[in-house]
2 protein chains.
Amino acid sequence: MHDILVDGIAPATVSPRDRGLAYGDGVFRTLRCQEGRLLAWPRHYRKLQADCAVLGLDCPSEARWLADIAQLAPTTAAIKLTVTRGVGARGYACDPAAPVTRLVQAGPLPDYSAVQRQGARVRLCDWLLGSQPGLAGVKHLNRLDQVMARREWQDPTIFDGLMRNGRDELVEGVISNVFLLRGDCLLTHPLTDCGVAGVLRELVLEVAAAQGLQVLLQAFDLTALTHADALLLSNSLAGVLPVAQCGSMSWHDFRIAERLNLAISRIAFEESLPCSPA
Amino acid sequence: MHDILVDGIAPATVSPRDRGLAYGDGVFRTLRCQEGRLLAWPRHYRKLQADCAVLGLDCPSEARWLADIAQLAPTTAAIKLTVTRGVGARGYACDPAAPVTRLVQAGPLPDYSAVQRQGARVRLCDWLLGSQPGLAGVKHLNRLDQVMARREWQDPTIFDGLMRNGRDELVEGVISNVFLLRGDCLLTHPLTDCGVAGVLRELVLEVAAAQGLQVLLQAFDLTALTHADALLLSNSLAGVLPVAQCGSMSWHDFRIAERLNLAISRIAFEESLPCSPA
């Protein structure tokens, strides 16, 4: 069984002239496949379309993605979808007629249950996020900030690293969005000049508001962490995770993470599609 | 005859799991091959090593690159060298033991003689360069800024687009470094939070100083353009080019570009290596 397709084909190779490789000229999504269902599929597809639109890429149709995924026929997996601007000549100018490259990958889904239960250990990254308002929120293939930040630690018990921008604001984790709870107020960075606006972030904001929390898109610094009642991480594979520890700071109230997670899981399943052909 | 090698092998394909594709996790160089010589090779190799060091990549040895290039045996070509962090699993964490991917490409060398003679037409890009001091100067594979800026025009008579940062400073061109001459003073942006510090930029600064110009690494804005005696572009394929026109502004004194170009060509040939096996 293959676990990766390029333009629907396996065994999969990519042209060395692919603009994804040359320039990081593309976008991607990672989503959870569980019990043969693609969780929150319509949201992921909408986000992929939106990110493609920012870069001016033709987003492959839903039918194409679903056919590719059905070919891989995963039951429980981390699914990664990538679109690049396809094969190009040397130079930044692109041929608008060149077809995009479509890449589908099904990998093992890590088991997050222990982190869910015990809370995540995180660290503060030294590497600061760069600023580019034109691409803020987009999950594009220019991910050197995350690569550089992730190189800072080897300790496998550290789940994620928190990243600041040049103004010392806490923006996101290397692999997650970050939320701070204080009282009944849930804060997250507005991601106006960097950061990835993930699908789980969108769901957290929706569900938190529905549960009566006051949701604020507002920057906060490290000092705010010391006053936080809870710190939460979200990503599409792990869902919502409570943070237990960051350096000398620790948090013990995981109820809000549990509550949000439960509500989000329900929506993600309701909005799921099957992974296999009908 | 092949024109591209991956890890010394043709026909060349790249793994869809290559971190160059997944994250733009790599660096590259473009250099001029002329009359069977790799111009300014030691400088290009040093810059490649320096850029690899910033990302923590093992730079392949000079011998490997030269063997690859000799296999392609170009006489006149644009040579592109790429190093990526190699094939990886999903996720930003990298295996330090994984070998890098080495990519060598020989393409047609554009003819720049007309632009050299008549001066380049350039435009001002709307897309602003992002800021990331940690990667400033490095020619890495995260090049979406250049891709987005290059998408702004189709007119083939426009040679390059000038790019500003968020502080309205003129930083560089999409494919070149930019220099402003006023009196005997040559200014170029210090590239402290974005931009590529190209090999030709280094040569321009050296040669200009040797010719008695006062060389300043200093930011300047568009107003400074209107007072400039000359505007110059540099890149490793085209050498030093005078700018003839940018919107309603125009310049007519191309002598400084010619003089710098002549001196730089001499050095680039003196410091060249043969492209073919000895």
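**The sheet and its surroundings**

Guide: Let's start with B:Arg29, whose bridge partner in β4(B) is B:Leu81. This is a predicted model, where local features need pLDDT of at least 70 and side-chain atom pairs count only at pLDDT 80 or more, while totals for chains, interfaces and linings use all residues. Residues are numbered from 1 along each chain as its sequence is written, chains are lettered from A and ligands numbered from 1 in written order, and side-chain values use heavy atoms, without hydrogens or water.

Antiparallel strands β2 (residues 26-34) and β4 (residues 77-84) of chain B are joined by eight bridges; strands (E, at least two residues) and helices (H or I, at least four) are DSSP runs numbered from the N terminus, and two strands pair if DSSP finds at least two bridges between them. Both belong to an open, antiparallel sheet of six strands in chain B, ordered β1-β5-β4-β2-β3-β15. At its edges are β1 (4-6) and β15 (273-274), each with a single partner strand, so one side of each lacks a neighbour in the sheet.

Helix α2 (residues 41-55) of chain B packs on this sheet, touching β2, β3 (37-38), β4 and β15, where contact means heavy atoms within 4.5 Å. Its direction makes about 175° with that of β2(B); axes are lines fitted to C-alpha atoms, for helices over the stretch in contact, and angles run from 0 to 180 degrees between N-to-C directions.
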